[in-house]
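Please read the report below alongside the sequence and the 3D view.

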Protein chains: 2
Amino acid sequence: MAVQDHTFSHVDCEACPIRHRAVCARCDADELERLEEIKYYRTFEAGQTVIWSGDRMDFVASVVEGIASLTQAMEDGRTQMVGLLLPSDFVGRPGRETAAYNVVATTRLTMCCFRKKPFEAMMLRTPHISQRLLEMTLDELDAAREWMLLLGRKTAREKIASLLAIIARRDATLKLASATGQIVFDLPLTREAMADYLGLTLETVSRQISALKRDGVIQLEGKRHITVPDMDRLMDETGDDTDGGVYI
Amino acid sequence: MAVQDHTFSHVDCEACPIRHRAVCARCDADELERLEEIKYYRTFEAGQTVIWSGDRMDFVASVVEGIASLTQAMEDGRTQMVGLLLPSDFVGRPGRETAAYNVVATTRLTMCCFRKKPFEAMMLRTPHISQRLLEMTLDELDAAREWMLLLGRKTAREKIASLLAIIARRDATLKLASATGQIVFDLPLTREAMADYLGLTLETVSRQISALKRDGVIQLEGKRHITVPDMDRLMDETGDDTDGGVYI
DNA sequence: GCCAAACATTGATCGAAGTCAAAAACGAAA
DNA sequence: TTTCGTTTTTGACTTCGATCAATGTTTGGC
């Protein structure tokens with residue numbers, strides 16, 4: 001359930017940090033005004049479940065701040081993370097009544113929610129929204145397919161290296177770190193969450209991180225703080241094409 | 001390269017077998033007319049590569065007849081299928097210059113191609129197309145995520161059972177087989193293609209199929225012809241939720 | 001500061017799927 | 001029919017990651 005928010009009780013769309021990357025990126029002032037009327041903010045604490053798979057959904061939303069994960073579970077408890085939701089990512093599916101996945105807040109999380117019915121109605125007469133949503137969905141599909149290669153064919157070590165590389169690269173673009181220098185970041189995920197993401201057990205995750213540390217590919221401070229002395233070296237460990245193919 | 005087609009040199013959209021499920025499903029007569037102007041058919045033999053990853057793409061397309069597979073490969077040869085393209089499925093991404101995956105014809109394949117530039121231009125002024133494409137892309141994303149659970153968490157036996165169940169169900173809906181009776185179908189994939197789809201080796205695929213046969217879950221005639229005497233029994237072997245959740 | 005709970009590491013052992021290798025079955029072409 | 005090549009099956013053995021179990025480490029509440 002919703003927890004009253006402090007930092008985001010209401011924000012003007014024009015001042016929104018995800019204004020130009022979210023589903024509303026292409027909207028003009030007029031369209032934003034109409035979105036303002038159907039939007040509200042919700043905040044969740046780390047670990048809270050935002051949506052249970054199978055639940056009725058009466059809203060769709062954009063992640064404003066924090067990280068959430070999309071997971072699928074089998075009855076016997078086996079769990080697979082099927083998406084990582086970062087700021088500006090979209091949650092929910094227009095035209096669908098019930099949620100298909102669990103959404104869990106990995107960190108403290110703020111979402112900009114839109115009431116579903118009015119949002120769907122607005123999509124029909126606002127091509128700017130469905131065009132942007134199509135673009136974002138195609139990106140997600142590409143990410144999902146890259147993840148399928150990882151899950152189906154990579155070794156445990158390659159999986160860990162790939163995850164670290166993705167997080168490192170995302171942080172590097174945010175912080176505009178020098179390309180040559182060391183890259184430093186904090187893991188936003190527990191070992192268990194990493195395991196669920198990578199299709200491994202948490203013990204294997206721990207062992208492989210220790211191995212990468214022992215081999216000098218990464219340095220660890222505490223459990224979450226990671227330094228990558230040589231990004232190329234880390235990239236070599238991912239098993240991916242080294243040449244070209246610089247997405248993002 | 002294109003092979004001259006015999007059965008589909010030109011088909012009127014109104015008579016097209018995928019008219020109501022493809023990207024053009026929502027188009028009106030007027031819009032179809034404009035699509036006719038930029039469309040052409042191409043046919044490929046089983047085994048032919050339609051598109052190489054990294055190649056420049058000057059068209060997008062709908063699968064009209066046959067099956068194709070979308071695969072990603074690592075330099076050392078490890079291959080993962082990331083999508084199975086059935087009639088009405090869409091190939092290519094508007095707004096992208098080069099192909100991100102290999103597309104290979106699994107059976108004899110006919111595609112309805114649209115020149116990319118005109119198609120993109122038409123999308124901008126034809127919400128019916130982008131709306132339908134959004135819907136189809138969201139469906140594909142769901143399928144990709146279901147596949148991530150399979151790749152990350154299912155056992156080899158569950159993977160095989162899941163694949164057989166998907167093909168059996170698709171054929172059952174096509175043939176409108178009696179729900180209670182036996183389901184009979186031909187595997188459209190080689191053992192190697194199945195392995196690439198499931199993230200297994202072809203030996204493991206072969207062994208698990210033999211095991212399911214030995215246990216009476218399926219019957220085999222030749223290498224491709226499969227009979228499922230009890231669909232519920234097969235579903236039990238997939239590891240999926242048995243109750244509710246009847247998609248498609 | 002102390003304690004409890006959550007999170008993480010490490011070790012020993014096991015088992016499912018991979019690898020290497022050979023034989024069998026099938027289909028297409030001569 | 002025979003033969004060749006592809007596809008599939010089966011066997012023996014290995015290995016990577018899972019499992020079970022114990023021990024460390026950090027964090028936040030009192």
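Which residues come nearest to DNA strand C? Of the 19 residues around DNA strand C, those that come nearest are A:Thr190, A:Ser206, A:Ser210, B:Thr155 and B:Thr204. A residue is near a strand if its C-beta atom, placed from the backbone, lies within 6 Å of it.

This is a predicted model, in which local features need pLDDT of at least 70, side-chain atom pairs count only at pLDDT 80 or more, and totals for chains, interfaces and linings use all residues. Residues are numbered from 1 along each chain as its sequence is written, while chains are lettered from A and ligands numbered from 1 in the order in which they are written.

**The DNA surfaces**

Around DNA strand D there are 18 residues, and the closest are A:Thr155, A:Thr204, B:Thr190, B:Ser206 and B:Ser210. Two or more residues each come from helix 6 (202–214) of chain A and from helix 5 (191–198) and helix 6 (202–214) of chain B. Helices (H or I, at least four residues) and strands of protein (E, at least two) are DSSP runs, numbered from the N terminus.

For DNA strand C, at least two residues each are supplied by helix 5 (191–198) and helix 6 of chain A and by helix 4 (156–175) and helix 6 of chain B.

| Surface | Element with the largest share | Share |
|---|---|---|
| near DNA strand C | helix 6 of chain A | six residues |
| near DNA strand D | helix 6 of chain B | six residues |

By class, the surface near DNA strand C has four nonpolar, seven polar and eight charged residues. The surface near DNA strand D has four nonpolar, seven polar and seven charged residues. Here Ala, Val, Leu, Ile, Met, Phe, Trp, Tyr, Cys and Pro count as nonpolar, Asp, Glu, Lys and Arg as charged, and the others, Gly among them, as polar.

**The domains of chain A**

Chain A has seven helices and eleven strands. An automatic or database domain assignment sets the domain bounds, and chain A is divided into domain 1 (6–148) and domain 2 (155–237). The C-alpha centres of domain 1 and domain 2 of chain A lie 27 Å apart. Eight residues of domain 1 of chain A are in contact with six residues of domain 2 of chain A; two residues are in contact if their C-beta atoms, placed from the backbone, lie within 7 Å. On the domain 1 side, strand 4 (68–73) and strand 5 (79–85) of chain A give two or more residues.
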